[in-house]
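Thanks for coming. I will go through one model today, starting with a term we need and then moving from single residues to the whole assembly.

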Amino acid sequence: MKRNRILFALLAVAVVSGLLLGGCAKKPKVVTLKVMNYQQADQAGYQEDVKVWEDFQKANPDIKLEMEVLFNDPYHAKLQAYAAAGTMPDVFYVWPGSRSAVIHEKKLAKDLGKLLGADYLKDFSAPAIDPNNQLGKYMAMLPQSFTYTSVMYVNKKLLKDNGFEVPKTYADLKAMVPKLKAKGIAVAMLPNKDGWPMQSCLFSTVAGRMAGDKFFDAINSGTAKFTDKPFVDSLAVIESLYKDGILARTDDNVGYGEGPALFVAGKAAIMIDGDWRTGAYITDKASGKALIAPAAQESDFALMPFVAIAGEANPGVLSAVAGTGWALSASLPAGSAQEKAAVRLIKYLYSPEIQAIRFGTGAYVPTRKGVTAKVEPLVSMVPTFYAANPKTCYVIDGAFDPAVYNVLNSGLIAIGLKTSTPEKVAAEVQKAFEGWKANKK
Amino acid sequence: MSEEHKTTFWGAVGGKAAKSLAYAVMALFSVMTLYPIFWLAMNSFKTTREFQVSQLGFPVAPTLANYKGAWEFGEFAKLFPNSLIYTALSTLGIIFFSLLAGFAFAKIRSKATAPLYGSFIIGILLTIQTLMIPLFLEVNILGIYNTRLAVLLVYIGAGLPTGIYLATEFIKGIPSALVESARIDGAGYWRIFLAIITPMAVPVATTLAILNITGIWNEFALINILVSRTELKSLPLGIFKFSGSLSTDYGKQFAALVIGMVPMLAFYVVFRKQITKGVAAGAIKG
């Protein structure tokens, strides 16, 4: 009995000592961050992106990332649900404009301008850190890129083989029509089945040239109308592109995803698209295949601004918009361990090393200054294109509500199909704008 | 040729023509249904480059790399078992509760029957989109967000309005005398439900199974908002990772779609007789 008591006492001492010693051994306190990532599994750069996150996790054992990975509409639907429930993830991916309107309008993201500070942000290009380029007029997110939505991808070889130079003016484009059309080649292609490409990749630039940002500001403030001459004239340019045979009316039946293959197959001399589309032509690291081989990218293709148009008030401007980026939940307590961990993650994602990876996969040209990477020729043309075309204008779907630009998108298709006129489309857009404004009140 | 012969001749020609036309129309619809499946499967064996060059031709050098890539990137090994669990348990739940409620509404009448039945039936008119945010808030408040329980409860709940409607209308057709005589013989409601109603309601149960198995297997919108952990997601969420408008890798995208489609095709091939019978029985008696 006595022996048992001694044994029990020894056991108790051992257990208590073990517990005390265990408690003394300091384990790093792990902070959990809920992250909502926007990731497409079949896009070039997917595997690199997976590694970016794995590397962070390995290098930061004191931070546990709870990742939710979605893409396209499901991502936005889930973000809306989180916003409605007031349970935003700690770190999430955001658009600067109306696509993420709820985040900006309800101020669900922290002001990164204040949180990251001027000293950190000085390493980013000026348009990226301008709060006026975001819907809520504060820095809810830090744009990773500044995207030009209007670029002419020119097949120089095809033009040269047919005796043409790279076009500079509308007249140059028009002069190519007879010869190329006879060979079954379109002068320019703009696949517009999805509605948005014409508005985003061409019309915004045309409207920026003919009307300008001040005109659209005046519409918003009620001192101008979509039915005014500059806007109608802009629509008339689109109409004449079809009438003159520069764009084929059949483009309205071509899906956006089908464009690159048709362009590379020589169905058109010029593809009108956004700068993000370079990624579709370069080598996919997973498969090792490229739509345009690197050597051919350099010798046979060029990125050019849309040609000069007669009567343009703002020559050379191109539509551009701040790209997507990361945001931190406004509900993260200021100065908390979670906020510090989230800032560490954000700084990692925007670091020169990670931005160089993004640049290298053709995802975008970073807003972080001085980022270099070994990229294929087509991607390396993008920063040069930016430098050569510094004057930008609004992308209409970034400046107006979907209730307005969806009507414009449909109207542009109708002009292409010859079922409407610039005047009618302008009147419809104005009506939609007035309706949206009345509802907003 | 006599008038009678003429009539017979033209009647026979007309009959053959009508039959040929009917077969032609059916063949057309068969092609319209089967060709997209065939096209998808065929292109899933091409590299993206080959697909971009030839969208209609047979694969020159068929590859299984798309399937391997889609399986790995889509994390289908995690999602597949979840789809099976959600589909099987939700369908069983919907059938069980629909028959139970259908029995009560059809055979155990009370003052509460009409309002209760109406409260279920109104659910048929509600779209998933209108329910998404309220459901998300509810599962958060209940503390079951990111659990399989939330998915199962919502799936069963979403399937009940149609299920109860079909089950009630079907069970109404079962003679009440059977229920009454069983009651006289001393059987309780549970006994009557299990021994009389359930065996007789197999056709409507089959109809419910067909409707729900395909519906839940392909369901995307609700599970997207109910869970965030990959370990709890289902196959459609994995497939959607390959569905971008700016997509560059069509091969993997098609392979992912085929992977999601194969179990449903297998389900049809194995149970096609029961499915045909079930649809017919459910349609006629329901």
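First, the term. A residue is called buried if 20 or more other C-beta atoms lie within 10 Å of its own, exposed if 12 or fewer, and partly exposed in between. Keep in mind that this is a predicted model.

Let us apply that to A:K137. This residue has 11 C-beta neighbours inside 10 Å, so A:K137 counts as exposed. It sits in the loop that joins helix 5, residues 112-121, to strand 4, residues 142-143, of chain A. What is the value of phi at A:K137? It is near 60°, which is positive, and the residue is not a glycine. For background, most residues other than glycine have a negative phi.

Is B:E75 buried, exposed or partly exposed? With 17 other C-beta atoms within 10 Å, B:E75 is partly exposed.

Now chain A as a whole. It contains 19 helices and 12 strands. Of its 441 residues, 44% count as buried. The C-alpha trace spans about 110 × 55 × 40 Å along its principal axes. If we take the contacts in chain A with a separation of 6 or more, 77% of them join residues 24 or more positions apart.

Next, the strands. In general, strands of a sheet pair through backbone hydrogen bonds, either parallel or antiparallel. In chain A, an open sheet of 3 strands runs in the order 5-10-12, with mixed pairing. Strand 5 (146-148) and strand 12 (392-393) of chain A are at the edges with a single partner strand each, so one side of each has no neighbour in the sheet. Strand 5 pairs with strand 10, residues 318-322, of chain A in the antiparallel sense, over 3 bridges. Which residue of strand 10 is the bridge partner of A:F146? It is A:A322.

Another pairing in chain A is that of strand 6, residues 151-155, with strand 9, which is antiparallel and has 4 bridges. Here A:V154 has A:A302 as its bridge partner in strand 9. Strand 9 covers residues 301-304, and its side chains alternate.

What does A:I270 touch, leaving out residues up to four places away in sequence? The list is A:M152, A:Y153, A:V154, A:V187, A:A188 and A:M189.

Now one helix in more detail. Helix 18 of chain A, residues 402-416, has 15 residues and reaches 21 Å from its first C-alpha to its last, close to the 21 Å expected. Its buried residues include A:V404, A:Y405, A:L408 and A:I415. Among the elements that cover the buried residues of helix 18 are helix 8 (196-210), helix 10 (229-243) and helix 19 (422-440) of chain A.

After helix 18 comes A:K418, with a positive phi near 65°. A:L417 is in the loop between helix 18 and helix 19 of chain A. A:L417 is partly exposed, with 13 other C-beta atoms within 10 Å. Not counting residues up to four places away in sequence, A:L417 touches A:R249 and A:D252. The C-alpha atoms of A:L417 and A:N253 are separated by 9.9 Å, and the two residues are 164 residues apart along the chain.

Last, how the two chains meet. 26 residues of chain A are in contact with 25 residues of chain B. Helix 3 of chain A provides the largest share of the chain A side, 6 residues. That side divides into 13 nonpolar, 7 polar and 6 charged residues.

As for confidence, the model scores ipTM 0.70 and pTM 0.71. The mean pLDDT of chain B is 87, and 91% of its residues reach 70 or more.

How values were computed:
Residues are numbered from 1 along each chain as its sequence is written. Chains are lettered from A and ligands numbered from 1 in the order in which they are written. This is a predicted model: local features need pLDDT of at least 70, side-chain atom pairs count only at pLDDT 80 or more; totals for chains, interfaces and linings use all residues. Two residues are in contact if their C-beta atoms, placed from the backbone, lie within 7 Å. Helices (H or I, at least four residues) and strands (E, at least two) are DSSP runs, numbered from the N terminus. Ala, Val, Leu, Ile, Met, Phe, Trp, Tyr, Cys and Pro count as nonpolar, Asp, Glu, Lys and Arg as charged, and the others, Gly among them, as polar. pLDDT is the predictor's confidence in each residue, from 0 to 100. Two strands pair if DSSP finds at least two bridges between them. The expected span of a helix is 1.5 Å times one less than its number of residues.
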